[in-house]
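The notes are in the order I went through them.

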Amino acid sequence: VAVAVTGSSGVAAAAGLYRYLRDFCGCHLSWSGAQLRLPDPLPRVPAEIRVTTPNRYRYYQNVCTQSYSYAWWDWARWEREIDWMALSGINLALAFAGQEAVWQRVYLALGLNQTEIDAYFTGPAFLAWNRMGNLHGWAGPLPRAWHLKQLYLQYRVVERMRSLGMITVLPAFAGHVPQGVLRVFPRANATRLGGWSHFDCTYSCSYLLDPEDPMFQVIGTLFLKELIKEFGTDHIYSADTFNEMNPLSSDPAYLSRVSNAVFRSMTGADPEALWLMQGWLFQHQPDFWRPAQVRALLHGVPLGRLIVLDLFAEAKPVYPWTESFYGQPFIWCMLHNFGGNHGLFGAAEAVNRGPFAARRFPNSTMVGTGLAPEGIEQNDVVYELMNELGWRHEPLDDLPAWVSRYAQRRYGAPDAAAEAAWQLLLRSVYNCTGTCVNHNRSPLVRRPSLHMDTGLWYNASDVYEAWRLLLSAGAALGSSPAFRYDLVDVTRQAVQQLVGDYYESIRGAFQRRALPELLTAGGVLVYDLLPELDGLLASHPLFLLGRWLEGARAVATSDREAEQYELNARNQVTLWGPNGNILDYANKQLGGLVLDYYGVRWSLFVSVLVESLNSGSPFHQEQFNQAVFQVERGFIYNKKRYPTTPVGDTLEISRKIFLKYYP
């Protein structure tokens, strides 16, 4: 049987191919595994199927994903991602690698010395925030070999993306400069912004050039010309000047001057430039960004030459209160994930309805849909749904039926128990309503205290029952890689809930001064439940700490670089800064991390509470924080190498935990 798939672009043809594989062959493709068993012979398509999309753009990525997920990727991993993007129908994506190599050249040409440049660039795991002017110097500098490798990677990324008909978005100048620029150009008019996110001026408080200063255009245009000479261009550029940082003035005229200066520095290098801006700032600092301020910033750029990403539209859309971004085009984005945290989560109904409501909005300027997670490789189902919606003209009318088909395709066979498990997950963890922020706040991954939040937006019993149902499908589906991944993920979620229960028992026992109960609950948590969870995670390749750390080391060209990159990788998922500045923001549940970081922390907490009851002295959170900080820092410097290959049988481990702990 010959089946012909054609499209108006490489991406359209690839999306058509995936639709055939999905709808006719029952196949599935995701970050956690592919199920590509093709029927023989191939199924016929009864009549021609034509699919058109109402969206000019299907966008993917977030400026932060570059650091939380892609930081250590090699070409093989990028190639897989770009294939997935094409099959998912994505036609607009950031191509951000290698920009520091170009900046290095530009800074040297401007007269900065290497010491000044080294004091500016952060380490690889924190570049996203260096690029947005939030940080400088932290965990740096960048070795020369890093620049060369990233350049090489970027050539291949843009070549492959363009060959498939994708539009690559390149970085542009947002206005932030290293301090060295002020030494070379003492008359340049630059002002220091405030500290960002609990960082003081040691690593934050970046210098922002005044929009009227002639150096703004000189630097911005020089950088973009260099970049275009290096990588070519598709005429769309990304720049974020005020990401989570308040501008120096709320005067609308000033804000228009800033956006106009950024845009002019783009058109100075490329007269056809379009600016793609993350709209995160408008909902993140609503007290500053009132309608007059938003309008001024947006109208500093000619109408139609700025595309705004309504970044968190599934929870806090900006278009409704800005009259559809005051006439500038926007892309309706699902952000979904913060910090690359693990944790089952989704707002399926908001995602299913949101894009279509935005298109029907009076005088809507919506030009596309997008995926904008801070971190990937989690909750595949939500991304599959969003990608499908990018090609639809109306919402799916039956999400439960859709999720049953999803389970069948994912595991390669119908299974009543697995499908029932997915129905429970859909109505619970994937059914967050209202303003949902998917930031894992479970006590498991947070620094212990007596005031931790154990609240859930769903019925815990639905996850326990889904766990039981998935386990019962193990004999039939155990050979499916995606099934094993989901079994780890659902078991992990169930254990995360149990940790919350044990924490409440520990806290209750302490408050009642019941030492035996405290010892029992604390002992079970520290000496059994957390080690069991660590063993479960260690049984699957995608839940290994070693994969993240060895990925960092593999990029290095010397022992010294390997050490620096590994410290970057360890710090990002734990302290996030020298002093726990953004502690546990990027928490992960990984084999090795649960035992040697979260487990050690809980052990200290329980022993301090026991000591407090024994001695009759009160528990002091501040003293505990100082002690536990040493434990947290100890993990970053423990020099232990973690395995990159899984150990043990996922099904057996999950069943063992189930028999012990199923409530």
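**T52 and its loop.** I started at T52, which sits in the loop between β2 (33–35) and β3 (57–60). I take strands (E, at least two residues) and helices (H or I, at least four residues) as DSSP runs, numbered from the N terminus. This is a predicted model, where local features need pLDDT of at least 70 and side-chain atom pairs count only at pLDDT 80 or more, while totals for chains, interfaces and linings use all residues. Residues are numbered from 1 along each chain as its sequence is written, and side-chain values use heavy atoms, with hydrogens and water left out.

What does T52 touch, not counting residues up to four places away in sequence? I found W391 and H393, with contact meaning heavy atoms within 4.5 Å. I also checked T52 against S8: they are 44 residues apart along the chain, and their C-alpha atoms are separated by 9.9 Å.

The peptide bond from D40 to P41 is cis, with omega near 0°. I noted another cis peptide bond, joining G140 and P141, where omega is about -5°. P141 belongs to the loop between α6 (127–131) and α7. Then I looked at E323, a residue other than glycine with a positive phi, near 50°. E323 is part of helix α13 (residues 323–326). I flagged these because most residues other than glycine have a negative phi, and most peptide bonds are trans.

**Whole chain.** I counted 26 helices and 13 strands in the protein chain. The radius of gyration is 25 Å, close to the 26 Å that the globule rule gives for 663 residues, so the chain is as compact as a globular protein of that length. For the record, that radius is taken over C-alpha atoms, and the rule is 2.2 Å times the number of residues to the power 0.38. The C-alpha trace spans about 75 × 70 × 50 Å along its principal axes.

- UniProt gives "Alpha-N-acetylglucosaminidase N-terminal" as residues 3–43. I get 34% helix and 15% strand there, with the end C-alpha atoms 9 Å apart.
- "Alpha-N-acetylglucosaminidase tim-barrel" is listed by UniProt for residues 58–392. That span is 41% helix and 13% strand, and its end C-alpha atoms are 12 Å apart.
- "Alpha-N-acetylglucosaminidase C-terminal" is listed by UniProt for residues 402–660. Here I have 65% helix and 0% strand, with 34 Å between the end C-alpha atoms.

**Helix pairs.** I described each pair by axis angle and distance; axes are lines fitted to C-alpha atoms over the stretch in contact, and angles run from 0 to 180 degrees between N-to-C directions.

I took α3 (residues 75–87) and α7 (residues 144–163) to begin with: they pack at about 20°, axes 10 Å apart. That makes α3 roughly parallel to α7 (under 35 degrees is roughly parallel, over 145 roughly antiparallel, 65 to 115 roughly perpendicular, the rest oblique). W75, W78, E79, I82, D83 and M85 in α3 meet L153, R156, V157, R160 and M161 in α7. By class, I have seven nonpolar, no polar and four charged residues in this contact. My classes: Ala, Val, Leu, Ile, Met, Phe, Trp, Tyr, Cys and Pro are nonpolar, Asp, Glu, Lys and Arg are charged, and the others, Gly among them, are polar.

Next I went to α24 (residues 593–615) and α25 (residues 621–636), whose axes come within 10 Å and cross at roughly 160°. These two are therefore roughly antiparallel to each other. On the α24 side, the residues include Y597, V600, L604 and F605, and they meet α25 residues including F624, V628, V631 and F635. This contact divides into eleven nonpolar, no polar and three charged residues.

Last, α20 (residues 481–511) and α26 (residues 650–661) pack at about 30°, with axes 10 Å apart. That makes α20 roughly parallel to α26. I see R484, L487, V488, T491, V495, L498 and Y502 in α20 meeting T650, L651, S654, I657 and Y661 in α26.

Technical notes: UniProt positions are given in the numbering used here, feature names are shortened, and annotations may be inferred rather than shown by experiment.
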